[in-house]
Amino acid sequence: MSMDTLLYWVGMAAVAVYALTGVLDSARKRMDLIGALLVAVATALGGGTVRDLLLDRQVFWVVDQTYLMAALSTGILAFILVRHRRLPASLFLIPDAIGLALFTIVGTQVALQWHTPWLTASLMGVITGVVGGVLRDILCNDVPSVFLKGELYATAAWLGALSLIALQALGMAPVEATWVAMGVVLLLRLLALRFKLTLPALG
Amino acid sequence: MSMDTLLYWVGMAAVAVYALTGVLDSARKRMDLIGALLVAVATALGGGTVRDLLLDRQVFWVVDQTYLMAALSTGILAFILVRHRRLPASLFLIPDAIGLALFTIVGTQVALQWHTPWLTASLMGVITGVVGGVLRDILCNDVPSVFLKGELYATAAWLGALSLIALQALGMAPVEATWVAMGVVLLLRLLALRFKLTLPALG
Amino acid sequence: MSMDTLLYWVGMAAVAVYALTGVLDSARKRMDLIGALLVAVATALGGGTVRDLLLDRQVFWVVDQTYLMAALSTGILAFILVRHRRLPASLFLIPDAIGLALFTIVGTQVALQWHTPWLTASLMGVITGVVGGVLRDILCNDVPSVFLKGELYATAAWLGALSLIALQALGMAPVEATWVAMGVVLLLRLLALRFKLTLPALG
């Protein structure tokens, strides 16, 4: 599988899972269908949009309408599902962790292909991974959970982005390094949730 | 009247009414003159700014200083008015509905002229229409009202944008379609406010 | 000293003091190391980023990684400091005033060099100066203090930006006008804090 094909499908999957989390989260705030869909679209497309604006690339979903359609259709399906069946709140955390892993590594890889230096590229990965969730939280008027003392959210993303860069610098093929780095983010995040791992905090 | 002239003056009117709503809204939060003016400017220019950044166009008010002057002078006038006379809170809803109608249709038309595909163009219209109000609410630390279960806010905008696209696809002249579509948004929003029309909501 | 050298070093100093304020502020919200660092980076780089996007320039810290390194290393140092020693909350106000003065004047000067008209250039200065702090407050879920009835925050920035433009129009050398205008912002802000100077407010 070529790198471009891999990034395309991983990006599409990430859009879908983040759109799902947007709807799940907006259910707590009594939003109507269109409100929930807008939160879903902002969550799904926000991180990649900020990355593309910062890198001075054309915004990915403006160039290719398919991403927007994926976000909207996942959002509508999720809305129907949530209205008919009360889902446990903790369900939210699994697709959110998957989306974080996929978006962070796609974002880092895109920045590297755009020839940004490594530290900036790793931050672009973190931005792609976390901005969607930050927008979701701001639109629902919560303190963005990524910033709170918590279970290695941005930390998992950053370590995964750095491992992607390190593995490729050490000679691993880009496609394989992408899979490994996505695994690193997902594993770190799920282990942190399971065992309540945290970083030192202020206050 | 040419399309460009129409879009110019409708855009200018939209900037003025949204600047007015920014000041009316900030009155609830004990802001000073400059704070209220900054909220007015963000409300008036925010939606079109995000649209232009996403479309990779030059930002409309950076190219033409007149928009900024219109936002500032309306803001100052509104500030003086509000300080001297307590206005009923519901007054706020009329200029807000007018601004929504004008900005949504201008935003959609600009995106169509920029050759974006129809679904993306309709979302650009919604973004142009609602982002100003979202910024206003975030800056005042409220849950953005556009996302709450409410009276067809983003819904009215989206239906208007889609009707603009449909009418032109069916052969109506662009200038006429623009007037009709602005009427659609305004009428839907005012009817929804009057008769408490809502969409199905979560939770 | 050339103008470019001056803007470079003043910009770097502004990044460092704003990163410091981001960490000091996030201490009130029980954030962990990475959360505090992300708030520090957003505070330090946010204003200049929005200015560059609006002006359609390349984003300053994407072009030159040194700014990002300065923000991160200051953030880490501040985090260690804050964890080991409880600092008085009022300490926060001094670096914040310095950062406001530096960023506002650098931002205005950059916009003038980019040939934006004077009113827009002065607003770009205000944006460069205050957006970082607004992001810091939004990420911590406060009403952005810049908008509240307060001690001449955005007002000091705007008057300083206008004085920079006026002094150069009157024939003062750009480097000297830069120093004088930074002094204007800092002095106005500190005097306002000391003597509780405020503008007329609504409500």
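In α1(A), the residues M3(A), D4(A), L7(A), V10(A), G11(A), A13(A), A14(A), V15(A), V17(A), Y18(A), L20(A) and T21(A) touch P95(A), D96(A), I98(A), G99(A), L100(A), L102(A), F103(A), V106(A), Q109(A), V110(A) and Q113(A) of α5(A) (contact meaning heavy atoms within 4.5 Å). Sorted by class, this contact holds 16 nonpolar, five polar and two charged residues. Here Ala, Val, Leu, Ile, Met, Phe, Trp, Tyr, Cys and Pro are nonpolar, Asp, Glu, Lys and Arg are charged, and the others, Gly among them, are polar.

Keep in mind that this is a predicted model, where local features need pLDDT of at least 70 and side-chain atom pairs pLDDT 80 or more, while totals for chains, interfaces and linings use all residues. Residues count from 1 along each chain as its sequence is written, chains are lettered from A and ligands numbered from 1 in the order written, and side-chain values use heavy atoms, without hydrogens and water.

| Helix pair | Angle | Axis distance | Crossing |
|---|---|---|---|
| α1(A), residues 3-26, and α5(A), residues 93-113 | about 145° | 8 Å | left-handed |
| α1(B), residues 3-26, and α5(B), residues 93-113 | roughly 145° | within 8 Å | left-handed |

Axes are lines fitted to C-alpha atoms, for helices over the stretch in contact, with angles from 0 to 180 degrees between N-to-C directions. Left-handed says that the near helix is turned anticlockwise from the far one by less than a right angle. In chain B, the contact of α1(B) with α5(B) has 16 nonpolar, five polar and two charged residues.

Now for chain A as a whole: it has eight helices and zero strands (DSSP runs, H or I of at least four residues for helices, E of at least two for strands, numbered from the N terminus). Its radius of gyration, 16 Å, is close to the 17 Å that the globule rule gives for 203 residues, so chain A is as compact as a globular protein of that length. That radius is taken over C-alpha atoms, and the rule is 2.2 Å times the number of residues to the power 0.38. The C-alpha trace of chain A spans about 50 × 45 × 30 Å along its principal axes.

What about cavities? The count is five of 30 Å³ or more. A cavity is a set of points, on a 1 Å grid over the protein atoms alone, where a 1.4 Å probe fits but cannot get out, and lining residues have an atom within 4 Å of a point. Points are joined across faces, edges and corners, and volume is the space filled by probe spheres set on them. The second largest cavity has about 190 Å³. Of its 19 lining residues, L53(A), D56(A), D56(B), L53(C) and D56(C) are closest to the centre. The lining of the second largest cavity divides into eight nonpolar, two polar and nine charged residues.

Note on methods. 1 Å grid on protein atoms, 1.4 Å probe; cavity = no way out; pocket = protein on both sides within 12 Å on 5 of 7 lines; lining within 4 Å.
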